[in-house]
Amino acid sequence: EIYGMTLFSDETGGDYFDYLCIDEHDQPKLCVAVGDVSGHGIPSALLMATVRAFLRMRTTLRGALGEIVSDVNREFSKDVGDSGQFMTFFLARIDRYNNQIEWVRAGHDPAILYDPDTDSIKNLNGGKGPALGVSEQTAYKESSCKIRPGQVIYIGTDGIWEARNAEGNIFGKERVKQVIRKENAESAQTIVLSILDTVRAFCGNADQEDDLTVTVVKVKEQ
């Protein structure tokens, strides 16, 4: 079960989330992508659309997750050149046949894996590499871990935990984790909306300075 949402700080922006169903060795798998282009507005939105196109083209071909991100980065780096533009990016592939998630983290904050059976939270720290567009030569490597029914996977952009209220305090990651713990038995949509509602309540009348993107995956019984 999966749900995602973006609230742009401008009319449009550089945040991106996507779901891709790919077939690998005759086993369909779900890919979840979340990204954040530097800057705001139309220029960032155009670069975001470029990465989306590269990714959707590349995932029609087989390959390790690290190879997929490396190929996308190579083409994106050619586009941004010496402009200084970049995109943080998180790509996960969920394999329910083997109950495993694998991911690559290109300059992006770790995803969160919550296990209600043990009330424990694990940051998906591995698979780390520089943001897309930093170096055309980067070779990304994926990390993986086991998953099981009942667990909740959260992937977001930094606009969530860096959101500020009128006093200049930031929302922070602990508040995200608190909402996941509280709402873990609810639907993926309810968890996403609860996180966004909590952010907006925290910020009050303060201006939204950055795009806000949240995606949640709930691992269900097969």
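Figure 1. Helices (H or I, at least four residues) and strands (E, at least two) are DSSP runs, numbered from the N terminus. Angles run from 0 to 180 degrees between N-to-C directions, with axes as lines fitted to C-alpha atoms, for helices over the stretch in contact. Contact means heavy atoms within 4.5 Å. This is a predicted model, where local features need pLDDT of at least 70, side-chain atom pairs count only at pLDDT 80 or more, and totals for chains, interfaces and linings use all residues. Residues are numbered from 1 along each chain as its sequence is written, and side-chain values use heavy atoms, with hydrogens and water left out.

**Figure 2. Five strands form an open sheet.** The strand order is β1-β11-β10-β6-β7, and the pairing is antiparallel. The edges are β1 (2-7) and β7 (120-124), each pairing on one side only. From one strand to the next, the twist averages 15°. Helix α3 (residues 173-183) packs on this sheet. It touches β6, β7 and β10, and its direction makes about 35° with that of β6. Two strands count as paired if DSSP finds at least two bridges between them. Strands of a sheet pair through backbone hydrogen bonds, either parallel or antiparallel.

**Figure 3. Strand β6 pairs with β10 and with β7.** The link between β6 and β10 is antiparallel and has 3 bridges. The link between β6 and β7 is antiparallel too, with 5 bridges. Follow Y114 in this view. Y114 stands opposite V152 in β10. Y114 also stands opposite I121 in β7.

**Figure 4. A hairpin turn holds D119.** β6 and β7 form the hairpin, with 4 residues between them. D119 sits in the loop between these strands. Its phi is positive, about 50°, although D119 is not a glycine. Most residues other than glycine have a negative phi. D119 is partly exposed, with a relative accessible area of 39%. Here buried means under 20% relative accessible area, exposed means over 50%, and partly exposed falls in between (1.4 Å probe, protein chains only).

**Figure 5. N99 also has a positive phi.** Its value is near 50°, and N99 is a residue other than glycine. N99 lies in the loop between β4 and β5. It is partly exposed, with a relative accessible area of 24%.

**Figure 6. Helix α2 packs through its buried residues.** Helix α2 (residues 65-80) has 16 residues. At 1.5 Å a residue it should span 22 Å, and its end C-alpha atoms are 22 Å apart, which agrees. The expected span is 1.5 Å times one less than the number of residues. Buried residues of α2 include L65, I68, V69, V72, F76 and V80. G66, S70, N73 and S77 of α2 are buried as well. The buried residues of α2 pack against β3 (27-37), α1, β4 (87-95) and β5 (100-106). Just after α2, G81 takes a positive phi of about 55°.

**Figure 7. D18 forms a salt bridge with R56.** Their closest N and O atoms are 2.8 Å apart. D18 lies in strand β2 (residues 15-24) and R56 in helix α1 (residues 41-58), so the pair ties together parts 38 residues apart in sequence. D18 is buried, at 9% relative accessibility. R56 is partly exposed, with a relative accessible area of 32%. A salt bridge is a side-chain nitrogen of Lys or Arg within 4 Å of a carboxyl oxygen of Asp or Glu. A search of the whole structure finds 14 salt bridges.

**Figure 8. R148 forms a salt bridge with D115.** The closest N and O atoms of this pair are 2.3 Å apart. R148 lies in the loop between β9 (143-146) and β10 (152-156), and D115 lies in strand β6 (residues 111-115), so the pair ties together parts 33 residues apart in sequence. R148 is partly exposed, with a relative accessible area of 35%. D115 is buried, at 7% relative accessibility.

**Figure 9. D197 forms a salt bridge with R200.** Their closest N and O atoms are 2.7 Å apart. Both lie in helix α4 (residues 188-203), 3 residues apart, so about one helical turn separates them. D197 is partly exposed, at 43% relative accessibility. R200 is partly exposed, at 44% relative accessibility. Elsewhere, salt bridges that share partners join D18, R52 and R56 into one network.
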